[in-house]
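Take a look at the structure below.

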Amino acid sequence: MAEVPTAMSAKPIERFLNVIETSGVPSKVDTKYLKSVGFKSGNDTSLIGVFKLLGFIDASQAPTQTWRNYRDKTKSSAVLGAAIKTAYAGLFELYPDAHRKDEEAVRNWIRSTTTAGEVTVQRAMATFKALVSKADFENIDSANTGHVATATAATIPGVPQGQASITQAVRSGPAVNINIELQIPATNDPEVYENFFAAMKKHLFDDGDGK
């Protein structure tokens with residue numbers, strides 16, 4: 001069964017996030033590092049497992065790019081939101097607004113995902129709440145890549161409006177993500193398909209001629 005991020009105590013999570021944001025990037029996140037930044041309780045070691053599942057720490061216990069991205073205070077909460085949605089993928093598939101769901105709904109998902117007892121379920125619930133309280137789920141698209149420009153619902157001549165749409169998301173930097181969603185009614189008219197590909201060329205593939 002999938003692992004659910006579970007801290008022995010959720011109270012240090014906010015303080016640890018602040019350390020990530022304001023302190024230098026260590027070469028390794030182990031108990032020695034935790035003690036050096038003020039986390040000296042035996043319970044604090046569970047933070048390593050939590051932040052591994054969130055993608056802040058890799059298998060060798062080194063900070064990842066997510067850790068480094070979180071240090072940018074202008075997008076730290078969105079970086080955390082993206083990490084939470086990945087770590088709790090099953091929960092967000094069940095409830096796309098899981099961060100707004102009532103506690104019992106989330107707790108029931110945790111119960112169905114783990115074989116742990118009720119004490120651990122409650123710790124996992126507290127961990128989720130502590131993380132969500134510091135996260136931004138509204139600006140995740142720009143968390144790691146900056147500005148996102150989106151053009152939607154390009155109308156294709158010959159196809160009823162609402163039956164086809166073209167969505168193009170262009171992120172700053174070299175990455176370009178294109179999502180095409182089609183629902184074209186059955187037809188033997190080749191003009192419908194010609195118009196579709198003409199619309200693709202116009203809206204997705206700018207050849208620089210301005211047409």
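The largest pocket has a volume of about 150 Å³. On a 1 Å grid over the protein atoms alone, a pocket is an open set of points where a 1.4 Å probe fits, with protein on both sides within 12 Å along at least five of seven lines. Its volume is the space filled by probe spheres set on the points. Lining residues have an atom within 4 Å of a point. There are 14 of them, and Glu3, Val4, Thr6, Leu53 and Thr120 are the closest to the pocket's centre. Two elements, α3 (46-53) and α8 (118-132), each give two or more residues to this lining. The top contributor is α3, with four residues.

This is a predicted model: local features need pLDDT of at least 70, side-chain atom pairs count only at pLDDT 80 or more, and totals for chains, interfaces and linings use all residues. Residues are numbered from 1 along each chain as its sequence is written, and side-chain values use heavy atoms, leaving out hydrogens and water.

How confident is the predictor? The pLDDT (confidence in each residue, from 0 to 100) has a mean of 80 for the protein, and 67% of residues reach 70 or more. Confidence is highest in α3, at 98, and lowest in strand β1 (residues 148-151), at a mean of 33.

Now find Thr64, in the loop between α3 and α4 (65-70). Is Thr64 buried or exposed? Thr64 counts as buried because its relative accessibility is 17%, and buried means under 20% relative accessible area with a 1.4 Å probe, protein chains only. Its side chain reaches the backbone nitrogen of Thr66 at 3.3 Å.

Technical notes
pLDDT is the predictor's confidence in each residue, from 0 to 100. Buried means under 20% relative accessible area, exposed over 50%, partly exposed in between (1.4 Å probe, protein chains only). A polar contact is a pair of N or O atoms within 3.5 Å; within protein, one must be able to donate a hydrogen and the other to accept it, and residues adjacent in sequence count only if both atoms are side-chain atoms.
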